[in-house]
Amino acid sequence: MLQRHPPLADVHTAAGASTTEFGGWEMPVEFDSIRTEHAAVRESVGIFDVSHMSQIEVIGPDSTELTNRLTTNDVTALSPSDAQYACITREDGVILDDTVVYRCADHDGHPAYLFIPNAGHDRQFTDRWIDHRDEWDLDASIENTTDQWAMFAVQGPESSALLAQVVDDSVTALNRFEHTTIDISGFECRIARTGYTGENGFEILCPTQAAETIWNEFDCQPCGLGARDTLRIEMGFLLSGQDFDPDDQPRTPYEASVGFTIDLETEFVGRDALSDQREAETDQQFVGITMLDRGVPREGYTVVDSDGEQIGELTSGTMSPTRNEPIGLGYLDAPRAAPGQSVEIVVRGNRKRAEVTNLPFVSKQS
Amino acid sequence: MDFDVPEGLRYLESHEWAQIDSIKAQIGITDFAQDELGDVVFVELPAVGDKIDAKEAFGVVESIKAVSDLYAPISGEVTAVNEALFNQPELVNDDPFDDGWMLQIAPSDETELDELLSAAEYREQIA
């Protein structure tokens with residue numbers, strides 16, 4: 001498959017960014033150093049190009065019902081300018097992806113939504129929405145608009161002050177998970193108070209042709225996917241395709257600690273399986289771990305007990321730049337998943353001591 | 001970008017260097033390698049007395065984003081390990097050819113030297 005590129009690929013290369021393949025996109029992974037970029041977001045403000053995220057619009061008389069039946073949360077609770085985090089599950093309750101659903105201003109008197117699944121999932125979910133619309137005989141138009149938008153995340157304790165300079169004070173009055181459209185440098189953009197870092201922050205969708213103008217409006221540290229990963233691991237936020245994946249790491253929202261995205265009062269694909277699981281509880285739980293011995297936890301490492309019996313596996317791990325200690329995320333057998341439990345991580349054949357740790361690793365500021 | 005490639009050292013294609021005198025060889029990774037890795041956060045090295053073999057993995061270096069094997073430029077017995085790296089792995093980034101050294105070994109086969117790259121040859125490889 002052909003590699004996809006964000007609108008600012010050449011701008012990032014000129015700025016000295018190194019790149020990596022992610023979800024079929026070639027994206028900046030590091031501009032300066034992960035530590036520098038990570039510290040900017042925790043201490044001041046940084047900007048990420050996240051144009052690889054998918055954008056799909058759903059508009060029409062039945063757009064609410066369609067989206068409600070394909071995501072785990074209650075879409076009917078959204079007013080225009082609200083957004084919500086949700087999972088997209090299959091019939092057995094396993095997460096296909098996580099997403100943010102934005103309710104936009106009504107379009108010709110009909111409800112309109114934009115939802116943002118992860119990178120490289122745009123065609124899959126456009127097809128899923130179309131197929132279910134047709135199967136259920138609903139009236140809604142569905143359009144994959146991923147290539148029409150650039151998306152930037154401005155994150156950090158000073159993000160409100162920076163936004164107030166570039167846009168105006170009104171956007172800093174947005175509550176968490178609220179969004180609005182606003183003019184930036186003559187282009188209509190959508191701005192939401194959302195993010196993936198645990199810090200105060202905003203995400204901005206702007207037309208592709210405006211990408212360079214708007215990127216340059218924000219005079220702050222450019223950040224790559226490397227820092228995006230260390231920041232989200234410190235918060236215990238899931239990475240689609242790694243902490244869950246329908247093929248390689250099939251997990252339900254309850255196992256993955258995002259049961260709060262499920263509204264069992266709504267009828268959605270996967271609801272019945274999840275209703276059963278909530279009553280039965282899960283065999284494994286998503287946890288944080290901190291290494292006590294030297295070593296860095298990584299995706300795929302096995303977790304064992306003091307007898308060497310496997311009790312879980314890691315799905316993410318890194319050296320935490322904020323805490324300066326090695327941290328990981330993964331799934332442990334429920335009886336072993338309580339914070340403070342001693343476990344061991346198998347690192348290149350050697351067992352290293354570690355401890356189950358409360359999430360998030362770094363307290364949330366947003 | 002310009003990377004430091006000191007004259008007088010010998011290099012392996014996998015970006016390790018060796019500084020060799022009549023009795024010992026000091027080993028580390030190059031400026032190019034540390035830049036490619038990014039922030040180094042962990043180094044795993046053999047112990048004094050262990051034997052290492054030319055072109056075989058002798059340890060591991062981890063940055064925030066990646067895990068990489070370290071390859072021995074030449075064979076020999078480890079005579080010293082830079083234990084400062086265990087608490088300050090960032091020395092590999094800050095000073096890869098000096099304070100960021102990894103091992104000293106007593107070389108067991110001097111003919112292996114001929115297979116290593118000169119500074120000029122290594123400079124060409126990373127150009």
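**Exercise 1.** Which residues in H7(A) are buried?

*Solution.* This is a predicted model, in which local features need pLDDT of at least 70, side-chain atom pairs count only at pLDDT 80 or more, and totals for chains, interfaces and linings use all residues. Residues are numbered from 1 along each chain as its sequence is written, while chains are lettered from A and ligands numbered from 1 in the order in which they are written. Helices (H or I, at least four residues) and strands (E, at least two) are DSSP runs, numbered from the N terminus. A residue is called buried if 20 or more other C-beta atoms, placed from the backbone, lie within 10 Å of its own, exposed if 12 or fewer do, and partly exposed in between. By this rule Leu225(A), Gly226(A), Ala227(A), Arg228(A), Asp229(A), Thr230(A), Leu231(A), Arg232(A), Ile233(A), Glu234(A) and Met235(A) are buried in H7(A), so that 11 of the 11 residues of H7(A) are counted. Just after H7(A) comes Gly236(A), with a positive phi of about 75 degrees.

**Exercise 2.** Find the order of the strands in the open sheet of chain A, and its edges.

*Solution.* Two strands pair if DSSP finds at least two bridges between them. The order of the 5 strands is E5-E6-E7-E4-E8 (chain A), with antiparallel pairing. The edges are strand E5 (83-89) and strand E8 (141-144) of chain A, each of which has a single partner strand, so one side of each lacks a neighbour in the sheet. Within the sheet, strand E6 (residues 95-107) and strand E7 (residues 110-116) of chain A are joined by 6 bridges, and Arg103(A) is placed opposite Tyr113(A) in E7(A).

**Exercise 3.** Describe how H3(A) and H4(A) cross.

*Solution.* Axes are lines fitted to C-alpha atoms, for helices over the stretch in contact, and angles run from 0 to 180 degrees between N-to-C directions. The axes of helix H3 (residues 63-70) and helix H4 (residues 122-136) of chain A come within 10 Å and cross at roughly 115 degrees. Angles under 35 degrees count as roughly parallel, over 145 as roughly antiparallel, 65 to 115 as roughly perpendicular and the rest as oblique; H3(A) and H4(A) are therefore roughly perpendicular to each other. Two residues are in contact if their C-beta atoms, placed from the backbone, lie within 7 Å. Here Leu66(A), Arg69(A) and Leu70(A) of H3(A) meet Arg128(A), Trp129(A), His132(A) and Arg133(A) of H4(A).
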